[in-house]
Structures are given as structure tokens and as C-alpha cells.
Amino acid sequence: MAPGLIAAIVLLACVAFLDAPAFVAVRWGVTVLALIILVFALRGRAWWALVVTAAIAVCWNPLVTVPIPGQVWAALQIVAAALFVVMGLAVKVPRTTETPAAR
């Protein structure tokens, strides 16, 4: 749940940086957090979240940028923040019940 909430906070806090050079750092952060949640979604077998986080990781990728106009970016920031919160609440990773071997 923590990576989803952190990503949502970053997205909502950085809507003002859309045209600034600092937005590249925001894109890095969102991409990394999306990939972390992608791993959680894979382990939790939440296939819908896997697709959503992959799409967010591709759109916010700072290396190969997707040309999206500024107002659309602002709307996508809010939509992605809401999706991160939903994924943080919905994706559950099963715990392993194995006990470590005694040494």
C-alpha cells in the first residue's frame, strides 16, 4: 500500500511542475514506483493492476517520452494518482508461511 500512496502524493504534489525541467525527476519517481507496484501486482496475481501499472510506467518513462499535451498530462496525473490509491488498497500479496531453517 505504501508505494501506491507515495506515488499518488508525488503525482498530486507535482502537477505544478509539468512544464518545468524538474518534471523529469517526477517522471523517474513515478516510473520506479509503478514498476515496484507492478511486481506486487504480479506476486498478488492482480492482472488488471499489472496492465494499469505497465501503462503508467510506459507513459511516465523519462527515457522514451510520450508526447502528451500539458492539460492532458495534468488530468492524467490525477487519474494515475487515483489508480495508485486503488491499486494500493486492492492488491494483496500473499505471505509465505514457511519458517526459515534453523542454523
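A residue counts as buried when its relative accessible area is under 20%. Keep that cut-off in mind for the views below, which come from a predicted model.

**Figure 1. Thr31, a buried residue of helix α2.** Thr31 has its place in helix α2. Its relative accessible area is 9%, so Thr31 falls under the 20% cut-off and is buried. What does the side chain of Thr31 meet there? A polar atom of that side chain lies 2.9 Å from the backbone oxygen of Trp60. Setting aside neighbours within four places in sequence, Thr31 is in contact with Ala57, Trp60, Asn61 and Pro62.

**Figure 2. The whole chain, for orientation.** Here is the setting for the close-ups. The chain holds 4 helices and 0 strands, and from the N terminus on its elements run α-α-α-α. Its C-alpha atoms fill a box of roughly 55 × 30 × 25 Å along the principal axes. Buried residues make up 31% of the 103 residues. The chain exposes about 6600 Å², with carbon and sulfur atoms supplying 72% of that area. Among contacts between residues at least 6 apart in sequence, 72% join residues at least 24 apart.

**Figure 3. Confidence along the chain.** The average pLDDT of the chain is 86, and 94% of the residues score at least 70. Which helix has the lowest confidence, and which the highest? Helix α1 (residues 2-13) is lowest at a mean of 85, while helix α3 (residues 47-59) is highest at 92. A reminder for anyone about to zoom in: where pLDDT is low, the predicted coordinates should not be read in detail.

**Figure 4. The largest nonpolar core.** This core has 24 residues, and the members that touch the most others are Leu11, Val30, Ile56, Trp60, Phe84 and Met87. Helices α1, α2 (23-43), α3 and α4 (70-90) each supply at least two of its residues. Which helix gives the largest share? That is α2, with 7 residues. As background, in soluble globular proteins nonpolar side chains tend to be buried together.

**Figure 5. Trp60 and its surroundings.** Trp60 is one of the core residues that touch the most other members. Not counting residues up to four places away in sequence, Trp60 touches Leu11, Phe23, Arg27, Val30, Thr31, Trp73, Leu76, Gln77 and Ala80.

**Figure 6. Arg27, a buried arginine in helix α2.** Is Arg27 buried or exposed? Its relative accessible area is 9%, so Arg27 counts as buried. Which backbone oxygens does its side chain reach? A polar atom of the Arg27 side chain lies 3.2 Å from the backbone oxygen of Cys59, and the side chain also reaches the backbone oxygen of Asn61 at 3.5 Å. Beyond four places in sequence, Arg27 touches Cys59, Trp60, Asn61, Pro62, Thr65, Val66 and Trp73.

**Figure 7. Cys14 and Cys59, two cysteines without a disulfide.** A disulfide is a covalent bond between the sulfur atoms of two cysteines. The disulfide count here comes to 0. Cys14 is buried, with a relative accessible area of 12%, whereas Cys59 counts as partly exposed at 23%.

**Figure 8. Phe17, in the loop between α1 and α2.** At 37% relative accessibility, Phe17 counts as partly exposed. Leaving aside neighbours within four places in sequence, Phe17 is in contact with Phe23 and Val26. Phe17 and Cys59 are 42 residues apart in sequence, and their C-alpha atoms are 16 Å apart in space.

**Figure 9. Arg45, a residue with a positive phi.** Arg45 is found in the loop between α2 and α3. What is the phi of Arg45? It is positive, at about 55°, although Arg45 is not a glycine. Most residues other than glycine have a negative phi. Arg45 is also exposed, with a relative accessible area of 64%.

Methods:
Residues are numbered from 1 along each chain as its sequence is written. This is a predicted model: local features need pLDDT of at least 70, side-chain atom pairs count only at pLDDT 80 or more; totals for chains, interfaces and linings use all residues. Side-chain values use heavy atoms; hydrogens and water are left out. pLDDT is the predictor's confidence in each residue, from 0 to 100. Buried means under 20% relative accessible area, exposed over 50%, partly exposed in between (1.4 Å probe, protein chains only). Contact means heavy atoms within 4.5 Å. Accessible areas come from the Shrake-Rupley method with a 1.4 Å probe; for residues, only the protein chains shown count as cover. A nonpolar core is a set of buried Ala, Val, Leu, Ile, Met, Phe, Trp, Tyr and Cys residues joined through side-chain atoms within 4.5 Å. A polar contact is a pair of N or O atoms within 3.5 Å; within protein, one must be able to donate a hydrogen and the other to accept it, and residues adjacent in sequence count only if both atoms are side-chain atoms. A disulfide is a pair of cysteine sulfur atoms within 2.5 Å.
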